[in-house]
Amino acid sequence: MALRISLSTPPSLHSTPSQWSSSSSSSLVPNRCIDWSGTKRRVPSAISMDRKRESVGVVRSSLEATQEAAGAVALEGQVTEVTKDTFWPIVKAAGDKVVVLDMYTQWCGPCKIIAPRYQELSEKNLDVVFLKLDCNQDNKPLAKELGIRVVPTFKILKEGKIVKEVTGAKIDDLVYAIETVKSS
């Protein structure tokens with residue numbers, strides 16, 4: 001028994017007009033799918049237009065991503081979720097403040113356990129910027145750049161440079177590392 005997964009594909013430069021549905025003249029929606037074997041097949045016409053629109057990805061330009069990153073800010077007393085695009089702009093904007101980054105994954109048990117304690121730390125240390133990064137596929141380049149090997153990992157930065165690291169859900173070690181960096 002073979003597993004066949006069908007994925008709708010967004011418009012391609014190599015597609016011909018005959019490969020696009022004509023149910024709506026204002027949108028280009030592919031009417032073919034690609035399975036793992038690489039063969040093409042037609043999408044059944046019973047699929048609603050809304051369903052087809054959901055399958056078409058939004059393409060953003062690098063300029064839009066840069067503008068979004070430039071507008072990213074971290075708030076005092078809160079943990080701010082960052083991405084590969086927003087992390088460095090926020091670190092740069094922090095100036096000489098200490099920045100703590102929680103690198104986690106959605107499936108990590110210890111990450112879930114320490115998250116509320118990390119939030120409490122952010123509420124108590126208003127002079128520190130607290131960030132978190134989901135080390136998913138989208139943010140893999142940043143996680144690799146920062147040298148993550150295990151989750152949770154906490155990176156402590158000062159003036160844009162990593163000065164301390166705490167691995168594992170060790171809240172006492174994290175508090176000690178933050179205090180050490182703040183006093184240096």
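**Close-up views of the predicted model**

Figure 1. Glu159 is placed in the loop between strand 7 and strand 8. The model shown in this and the following views is predicted. The two strands form a hairpin with two residues between them, in which Glu159 adopts a positive phi near 55°. Most residues other than glycine have a negative phi. Glu159 is not a glycine, yet its phi is positive, at about 55°. Is Glu159 buried or exposed? Its relative accessibility is 58%, and because exposed means over 50%, Glu159 counts as exposed.

Figure 2. The peptide bond that runs from Val151 to Pro152 is cis, and its omega is near -5°. Most peptide bonds are trans. Pro152 belongs to the loop between helix 5 (140–145) and strand 7, and strand 7 itself comprises residues 153–158.

**Figure 3. Strand 7 and its two partners.** Strand 7 has five buried residues out of six, so the rest of the structure largely encloses this strand. Strand 5 (residues 98–104) pairs with strand 7 in the antiparallel sense over six bridges. Within this pairing, Val99 has Leu157 of strand 7 as its bridge partner. Strand 8 likewise pairs with strand 7 in the antiparallel sense, over six bridges. Here Phe154 has Val166 of strand 8 as its bridge partner. In a regular strand, side chains alternate between the two faces of the sheet.

Figure 4. Five strands make up an open sheet of mixed pairing, and their order is 4-6-5-7-8. Which strands lie at the edges? Strand 4 (79–82) and strand 8 (161–167) do, each of them pairing on one side only. On average, and with direction ignored, neighbouring strands of the sheet are turned by 25° against each other. The pairing of strand 4 with strand 6 (residues 128–134) is in the parallel sense and extends over four bridges. Opposite Glu81 stands Lys132 of strand 6. The antiparallel sense is represented by strand 7, which pairs in this way with strand 5 and with strand 8.

**Figure 5. Aromatic pairs.** The count of aromatic pairs comes to three. One of them joins Phe87 and Trp88, with a centre-to-centre distance of 4.8 Å and 70° between the planes. Because planes over 60 degrees apart count as edge-to-face, this pair is edge-to-face. Phe87 is buried at a relative accessible area of 0%, whereas Trp88, with 31% relative accessibility, is partly exposed. Another pair is formed by Tyr118 and Phe154, whose ring centres are 5.5 Å apart; their planes stand at 45°, so the pair is tilted. Tyr118 belongs to helix 4 (residues 109–124) and Phe154 to strand 7, so this pair ties together parts that are 36 residues apart in sequence.

**Figure 6. The cluster of Tyr118, Phe130 and Phe154.** These three residues form one aromatic cluster. How accessible are Tyr118 and Phe154? Tyr118 has a relative accessible area of 2%, and Phe154 has a relative accessibility of 0%. Because buried means under 20% relative accessible area, Tyr118 counts as buried, and so does Phe154.

**Figure 7. Ile113 of helix 4 and Ala169.** Ile113 is part of helix 4, the helix that holds Tyr118. The C-alpha atoms of Ile113 and Ala169 are 7.8 Å apart in space, although the two residues are 56 residues apart in sequence. Ile113 has a relative accessibility of 64% and counts as exposed, in contrast to Tyr118, which is buried.

**Figure 8. The whole chain, for orientation.** The protein contains six helices and eight strands. Along the sequence, these elements follow the pattern β-β-β-α-α-β-α-β-α-β-α-β-β-α. The protein has 184 residues, of which 37% count as buried. Among contacts with a separation of 6 or more, 62% are accounted for by residues 24 or more positions apart.

Terms used. Residues numbered from 1 in each chain as written. Predicted model: local features only at pLDDT ≥ 70, side-chain atom pairs only at ≥ 80, totals over all residues. Heavy atoms only, no water. Pairing = 2+ DSSP bridges. Axes fitted to C-alpha atoms, helices over the stretch in contact; angles between N-to-C directions. Phe/Tyr/Trp six-rings, centres within 6.5 Å; stacked < 30°, edge-to-face > 60°. Buried < 20%, exposed > 50% of the residue type's maximum accessible area, 1.4 Å probe, protein only. Contact = heavy atoms within 4.5 Å.
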